[in-house]
Amino acid sequence: MNKDQWIDRGLLDAFDAEGTDAHRLCTIDNGWAERFGHDILISFRTTAARDRLIAGLKEWAKSVDFPIRRVFARFLPKKNEERETPKLLFGHEGENLQTIATEHHLKFGIDFGAGYSVGLFVDQRENRRFVRQAKPERLLNCFAYTCSFSVAAASAGAQTVNVDLSKKSLERGRQNFVLNSLSTEGHKFIADDVRPVLRRLARRGEKFDVIILDPPTFSRTKGGEAFHVESDLEELIVAALELIDGNGWILVSTNCETLNEQALERMARYGLKLSRRAGVFHRQPTPLDFPPGAAARTIWLTLR
Ligand SMILES: C[S@@+](CC[C@H](N)C(=O)[O-])C[C@H]1O[C@@H](n2cnc3c(N)ncnc32)[C@H](O)[C@@H]1O
């Protein structure tokens, strides 16, 4: 009997009922398995973890009668430069590596051949739900990647500004709008470094009622400028506070292992102090498919 905690039939049915087929299936010490439609992605730090997840997956699929289409696996390296595109372990070679996953009935393009990340971070599901429920009029999506937060906002009527260094990711973002029959008219897709863009928006006096700050741990622009979340996030929060509307919400989120929610809150308090503002914090519940501490650390900040 496999002792790892795979999601049970009840949770699988609950996801099905809410129109979600992209979620975590199991988390173990050195890896995890996620589902995107009928495709599975195994992420592993050690080959022992990979093999244990493969064995557990077979047993789980049989026990809940889940038809697996393909299984992909990717190694989780310590350094960004060592990141690799997932490899097909099971399924037909030569088949299109793309699929469409759904979350709360919204569609997102998934591409197992486009690089290390496949197109949707499932641990942000509750935060996307929060955005949708907040019904913002204007959302600023910094480090937008494939614009999943913007699709959630636009489905509730928002206009969005999407900023990412990667033109390709923003193009996938546009395609995600199209997949959901959302017009991209009135939405902006800016391929640039977030920092100068925030300064430009502030100079123009622009305001937003939701701002997403979900940066990578480290990145470098084409011009060679480095971004380190541990040292640069505070400055981003200060810049976001310039742009937020009175009753608006700022999401501060990170996967950086050295930053917990208390650290994020300290940074946000520092930003508030510099901007001479007072704020309150909100936390979304941990997604049911994630054990405590396994999803991105996240706080929501609003002005008091
Ligand atoms: C962690 S992903 C963001 C995930 C996104 N928030 C989501 O939920 O789908 C990081 C993204 O930041 C972008 N990026 C990294 N450094 C950047 C910078 N200085 N300015 C703008 N985008 C940047 C990368 O291209 C990548 O798409």
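Mentor: A helix here is a DSSP run of H or I with at least four residues, and a strand is a run of E with at least two. The model is predicted.

Trainee: How many residues surround the ligand, and which are the closest?

Mentor: The ligand is surrounded by 19 residues, and F143, Y145, V194, D214 and S219 are the closest. By class, the shell around the ligand holds nine nonpolar, seven polar and three charged residues.

Trainee: Why is L303 called partly exposed?

Mentor: L303 has 17 other C-beta atoms within 10 Å. Buried requires 20 or more, and exposed requires 12 or fewer. The count of 17 lies in between, so L303 is partly exposed.

Trainee: Where is L303 found, and what is L303 in contact with beyond its neighbours within four places in sequence?

Mentor: L303 belongs to strand β16 (residues 297-303). Leaving aside those neighbours, its contacts are I244, G246, R277, A278 and G279. Being in contact means that the C-beta atoms lie within 7 Å. K62 is 241 residues from L303 along the chain, and their C-alpha atoms are separated by 50 Å.

Trainee: What domains does the assignment give, and how many residues are in contact between them?

Mentor: The domain assignment gives domain 1 (9-96) and domain 2 (122-303). Seven residues of domain 1 are in contact with seven of domain 2. On the side of domain 1 that touches domain 2, strand β1 (residues 22-28) gives the largest share, four residues. That side divides into two nonpolar, three polar and two charged residues. The C-alpha centres of domain 1 and domain 2 are 27 Å apart.

Terms used: Residues numbered from 1 in each chain as written. Predicted model: local features only at pLDDT ≥ 70, side-chain atom pairs only at ≥ 80, totals over all residues. Near = placed C-beta within 6 Å. Nonpolar A, V, L, I, M, F, W, Y, C, P; charged D, E, K, R; others polar. Domains from an automatic or database assignment. Contact = placed C-beta atoms within 7 Å.
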